[in-house]
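Hi,

Here is the structure I promised to send over. Have a look at it first, and then read on for what turned up.

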Amino acid sequence: MKRSALKRLAAIFGCTMVLTAAMPAFADDIAGDWLFDTSKFADNDCQITGRMTFTQTKIKNTYTCLFVSEQICGKINGNLYIKVQQSCTAQRIGKQVAIKSKVNKVIERRPAVPNPEDWYLADNFIVQLSNNKAEMNGEHYDEQRHLKARFWRDVELVG
């Protein structure tokens, strides 16, 4: 092998090692901060996004969680905006994670309505943890709809 080819190979190996070391190592659990979003709904005019934090309980593969979600709709749905604080419990069985939520408080709703908590259905999820434990994909569901859902770890990129 030529000397320049060996240098190139060594450089590639070194870069690979640096990038691998810089990648976050996730434990087998889901504890920590995640971002999420759903597929669009209501004439492709609305979407739910949010940030969720999972905390491990004393029971293996069981978590408590807190999150804030935002439902954002466009003109077709009257520019509806709802920001909601929710609490939840999550159970992991293998790669499957079931998240059952409860609305704690509607932080903001435009247009305003009386008793906004009575009008927002809790965001529940059934998702599957990816092999690298950095993403979960599956479904969002409530009493009215089933949507696709995606979660990803909220980590800062190494620059």
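Let me start with the cysteines. Counting bonded cysteines along the chain, the disulfides follow the pattern 1-3, 2-4. Do keep in mind that this is a predicted model. A search of the whole structure gives 2 disulfides.

One of them joins Cys46 and Cys73, with 2.0 Å between the sulfur atoms. The torsion about its S-S bond is about 115 degrees, so the Cys46-Cys73 disulfide is right-handed. Both Cys46 and Cys73 are buried.

Cys65 and Cys88 make up another disulfide, again with sulfur atoms 2.0 Å apart. Here the pair ties together parts 23 residues apart in sequence, because Cys65 lies in strand E3 and Cys88 in strand E4 (residues 81-93). How buried are these two? Cys65 has a relative accessible area of 3%, and Cys88 has one of 7%. Both values are under 20%, so Cys65 and Cys88 count as buried.

Now for the overall picture. The chain has 1 helix and 8 strands, and from the N terminus on the elements run α-β-β-β-β-β-β-β-β. Of its 159 residues, 31% count as buried. If you take the contacts between residues at least 6 apart in sequence, 45% of them join residues at least 24 apart.

Next, the charged pairs. How many salt bridges are there? The count comes to 4. Among them is the one between Arg51 and Asp154, whose side chains meet at 2.0 Å, N to O. This pair links distant parts of the chain, 103 residues apart: Arg51 is in strand E2 (residues 46-56), while Asp154 is in the segment after strand E8 (146-153). Arg51 is partly exposed, with a relative accessible area of 42%, and Asp154 is partly exposed as well, at 29%.

Glu108 and Arg110 form another salt bridge, their closest N and O atoms lying 2.3 Å apart. Glu108 is partly exposed at 31% relative accessibility, and Arg110 is partly exposed at 43%.

Then there is the salt bridge between the side chains of Arg145 and Asp142, at 3.6 Å from N to O. Is Asp142 buried or exposed? Asp142 has a relative accessible area of 9%, and that is under the 20% cut-off, so Asp142 counts as buried.

That salt bridge also leads on to a pocket. Arg145 and Asp142 both belong to the lining of the second largest pocket, along with Gln71, Leu80, Ile82, Arg109, Trp119, Tyr120, Leu121 and Gln144. The volume of this pocket is about 190 Å³. By class, its lining has 5 nonpolar, 2 polar and 3 charged residues. Asp142 and Arg145, then, turn up both as salt-bridge partners and as lining residues of the second largest pocket.

Cheers

Definitions and conventions: Residues are numbered from 1 along each chain as its sequence is written. This is a predicted model: local features need pLDDT of at least 70, side-chain atom pairs count only at pLDDT 80 or more; totals for chains, interfaces and linings use all residues. Side-chain values use heavy atoms; hydrogens and water are left out. Helices (H or I, at least four residues) and strands (E, at least two) are DSSP runs, numbered from the N terminus. Buried means under 20% relative accessible area, exposed over 50%, partly exposed in between (1.4 Å probe, protein chains only). On a 1 Å grid over the protein atoms alone, a cavity is a set of points where a 1.4 Å probe fits but cannot get out, and a pocket is an open set with protein on both sides within 12 Å along at least five of seven lines; lining residues have an atom within 4 Å of a point. Grid points are joined across faces, edges and corners, and a volume is the space filled by probe spheres set on the points. Ala, Val, Leu, Ile, Met, Phe, Trp, Tyr, Cys and Pro count as nonpolar, Asp, Glu, Lys and Arg as charged, and the others, Gly among them, as polar. A disulfide is a pair of cysteine sulfur atoms within 2.5 Å. Contact means heavy atoms within 4.5 Å.
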